[in-house]
Amino acid sequence: MDIKQLKYLIALDRTRHFGQAAAACHITQPTLSMRIRNLEEELNLTLIQRGQRFEGFTPEGERILAWARALLAAHDGLEAEAAICRGQMVGQLRVGMVPLASLNPMQLIKPLADKYPELQFSLLSMTSEQIIDGVSRNQLDLGICYLHHVDSQLFNVVWLPNTRMGLLHDKRHFQFADAIPGWETLASLPLGFLTKGMYYRESIEMSFKAKGLAPKYVSKATPRFRLSRRCRPGSAARLCR
């Protein structure tokens, strides 16, 4: 058994696909499959449910996977500690971030990059749930996410400044008497929103509901630029950060 086999196992858990796991580890798929089979033979356990494609981990595989994460975390910690003893800061800082976070990640990354030039950074766009899961599984080092599902007893939490909200609209088609339109005014507008399930949309809907109002949706999209395009011809206004 070696560290690489554990890395391959964790990569397979992360991607749920043999080919993608092999690509992430910079090896061929046959090599990854062979090394995992070697691990199974060494442990005398079946870890993977195989069919025409990856079908998941066996119950035994899930238990071994938990140990693999712990061992890999200890290995990474040992290497990092040795680097610190040499006066270095090396490795990769993995940061997960929700797409609509108001924080510019370069505010976090640049000071660290200037101080530790050998440190590498991986910035990933993820949902809050994926970030929480990634940090708990040692697949992420830091997460910038909404805190409504975070257990503060399990994680160190740093609150960031509140996000400011604005209304994006075409001035040729929408005029307002007040500099800052109220919720009643917003409820009367044709609004472009993000798709359901995204926390930012849920928070806006809760604000409308608290006022006893129901917003009027005319378009829904995931990427913000699509909604921005709808604002240009005046077909919709958009609540955004």
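Visitor: Which residues do ring pairs link into a cluster?
Guide: The cluster consists of F18, F54 and F57, which are linked by ring pairs, where rings of Phe, Tyr and Trp (its six-membered ring) pair if their centres lie within 6.5 Å. Please keep in mind that this is a predicted model, in which local features need pLDDT of at least 70 and side-chain atom pairs count only at pLDDT 80 or more, while totals for chains, interfaces and linings use all residues. Residues are numbered from 1 along each chain as its sequence is written, and side-chain values use heavy atoms, with hydrogens and water left out.

Visitor: OK, and how many aromatic pairs does that rule give?
Guide: The count comes to three aromatic pairs.

Visitor: Where in the chain do F18 and F54 sit?
Guide: F18 belongs to helix α2 (residues 18-24) and F54 to strand β2 (residues 54-57), so that the pair links distant parts of the chain, 36 residues apart. Helices (H or I, at least four residues) and strands (E, at least two) are DSSP runs, numbered from the N terminus.

Visitor: Are those two buried or exposed?
Guide: Both F18 and F54 are buried, where buried means under 20% relative accessible area, exposed over 50%, and partly exposed in between (1.4 Å probe, protein chains only).

Visitor: What about W183 and F208?
Guide: W183 and F208 also form an edge-to-face aromatic pair, with 4.9 Å centre to centre and 80° between the planes. Because W183 lies in helix α7 (residues 183-187) and F208 in helix α8 (residues 199-210), the pair ties together parts that are 25 residues apart in sequence. W183 counts as partly exposed, at 22% relative accessibility, whereas F208 counts as buried, at 0%.

Visitor: Switching to strands, what do β1 and β2 form?
Guide: They form a hairpin with three residues between them. Strand β1 (residues 48-50) runs antiparallel to β2 and is joined to it by two bridges, and two strands pair if DSSP finds at least two bridges between them. R50 stands opposite F54, the residue in β2.

Visitor: And which strands form the open sheet?
Guide: Three strands form it, in the order β4-β3-β5, with parallel pairing. β4 (119-125) and β5 (142-144) stand at the edges, each with a single partner strand, so one side of each is left without a neighbour in the sheet.

Conventions
Rings of Phe, Tyr and Trp (its six-membered ring) pair if their centres lie within 6.5 Å; planes under 30 degrees apart count as stacked, over 60 as edge-to-face and the rest as tilted.
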